[in-house]
Amino acid sequence: MKKSLFIIALACLAFTANAQDGPRQVLFTNVNIYNGVDGVLVENGSVLVEGNLIKQVSEGTLSAPDAFLVDGEGRTMMPGLIDMHSHLCFRNGMLEFRDDYDQMANGAYTARAMLDYLDQGFTTVRDAGCNILGVAKAVNNGIVPGPRIFPSGGFLSQTGGHADTGSFNDRIGDQDKLEQGRVGYIVDGADEAIRAARHNLRAGATQIKIMAGGGVASEFDPLHMTQFTAEEMKAIVGIAEDYGTYVLAHAYHDRSVNRAIDAGVKVIEHNFLVSEETIVRMKQEGVALSVQAVVALVQFGDPDSITFFSEDQKNKAKQVNSGALQMMKWAIKHELLMVTGGDMFGPDLPNQADNVIKFQEVAENVHLVLKTATSNAAEVLTWSGGMNPYKEGTLGTIAEGGYADIILVDGNPLEDITVIKRDTVDFVMKDGLVYKNWLPNEKAPAFQPAGPERDAYFGLH
Ligand SMILES: [Zn+2]
């Protein structure tokens, strides 16, 4: 990191003094544009942002006399990156902020994590499960800075499922203590599952996350296990559909993935142990795949390095690793709709782009891979339908009418995908506001919290 988050946060606040009346305009000149949809680089273009939306994209110059000017100096403009499997409130697993701290500490940590995502150029995340619903609301209301969040809320898991963090001697029902941290809900039977799904959705969950099969970092669920009955899964999907949205499922193998698809689940997370036949079915039925390349290929390739894993967990990690490369190759061969989501927190938080870059080592197709973190991700996010809080513009592309979620990277990502790493992400704009600016001598509107309490709280004006 070239600068600390603290300094960036202060700089953001300092810029707010430049606020003007009317919709603010920012004119980017001298930028090469990768729009996240077409696999080409448009050289020497210009882009005009008005308010929080992209107003004009030009292959040449544009005129906007009242706009703030940002000379990109030949950098590449691309859509803000999207991570499709984050856990913003996790630092050291699911239990740390339930057992060892409290929710205030969790909130403070999460605020820091969100600034870090922005600093890396990730302007949107889909949170795949944690106590994030209040934070997402606060970000949307401008109370705290953060990426756009598509929150799942607490994930849904069965007794003995991937999210069962109880102890061996628990009595029936004791597992509910997971709920105390609002990280997840242990539910058994359609009625309990429905109640938990509705509880998430009433507080703004944009989709529902379920644990549909065995996991690695959990104690009571062998990897081969299938979780939730067909009836339970269908009940949860039914509630999601009643809210106009969808369900994503943690699942590794054929039996759990196929049961999830049968029930109407739209996105499979992980998927690393399925057969080619299941991949073909996903393609035929329009089910998307969410890829965690670093976790499956790097971390689970060397499970002995994960010091807090038991022998059993290390064995499960090895098993997942053994199928990962083949599964990714089949997914590429059959042209699944793929998105990337790191599932990387704690020590891996600062390196979210690595998940995308690692996938490129398998795919060897930069545009295909960049789409997983831009336009493909945006397409899946639209499946949140009526629950999508961001309906004013499009995400994941540099296009007229799109949200002004923009990054400038130093280099051509189509030639060298590693330029999406933090240290070559020189400029970050989300919703028309600047969160990072390493360009020299620029003025641009920065994060400005909303609401009447703003002036008193932040000491502005
Ligand atoms: Zn996860």
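Colleague: Between which two helices is the loop that holds E364?

Modeller: This is a predicted model: local features need pLDDT of at least 70, side-chain atom pairs count only at pLDDT 80 or more, and totals for chains, interfaces and linings use all residues. Numbering runs from 1 along each chain as its sequence is written. Helices (H or I, at least four residues) and strands (E, at least two) are DSSP runs, numbered from the N terminus. The loop that holds E364 is between α11 (353-363) and α12 (366-372).

Colleague: Is E364 buried or exposed?

Modeller: A residue is buried if 20 or more other C-beta atoms, placed from the backbone, lie within 10 Å of its own, exposed if 12 or fewer, and partly exposed in between. E364 has 9 other C-beta atoms within 10 Å, so this residue is exposed.

Colleague: What is the phi of E364?

Modeller: Most residues other than glycine have a negative phi. E364 is not a glycine, although its phi is positive, at about 50 degrees.

Colleague: H270 also has a positive phi, of about 85 degrees, although it is not a glycine. Is H270 buried or exposed?

Modeller: H270 belongs to strand β13 (residues 267-273). There are 29 other C-beta atoms within 10 Å of H270, and therefore H270 is buried.

Colleague: How are α5 and α6 oriented to each other?

Modeller: Two packed helices are described by the angle between their axes and the distance between the axes. Axes are lines fitted to C-alpha atoms over the stretch in contact, with angles from 0 to 180 degrees between N-to-C directions. The axes of α5 (residues 190-202) and α6 come within 9 Å and cross at roughly 30 degrees. That makes the two helices roughly parallel, where angles under 35 degrees count as roughly parallel, over 145 as roughly antiparallel, 65 to 115 as roughly perpendicular and the rest as oblique.

Colleague: How are α6 and α7 oriented to each other?

Modeller: The axes of α6 (residues 230-242) and α7 (residues 254-263) come within 8 Å and cross at roughly 45 degrees. The pair is therefore oblique.

Colleague: Which residues of α7 make the contact with α6?

Modeller: Two residues are in contact if their C-beta atoms, placed from the backbone, lie within 7 Å. On the α6 side, A230, M233, K234 and V237 take part. From α7 come R259, A260, D262 and A263.

Colleague: What covers the buried residues of α7?

Modeller: The buried residues of α7 are S256, V257, R259, A260, I261 and A263. Their cover includes α6, β12 (247-253), β13 and α8 (276-284).

Colleague: With which residues is D431 in contact, leaving aside its neighbours within four places in sequence?

Modeller: D431 is found in the loop between β17 (425-430) and β18 (433-437), and is buried, with 21 other C-beta atoms within 10 Å. The C-alpha atom of D431 is separated by 5.6 Å from that of D405, although the two are 26 residues apart along the chain. The contacts of D431 are N52, Y403, A404 and D405.

Colleague: What is the radius of gyration of the chain?

Modeller: The chain has 14 helices and 18 strands, and buried residues make up 52% of its 461 residues. The globule rule is 2.2 Å times the number of residues to the power 0.38, with the radius of gyration taken over C-alpha atoms. For 461 residues, a compact globule would have a radius near 23 Å, which agrees with the chain's 22 Å.
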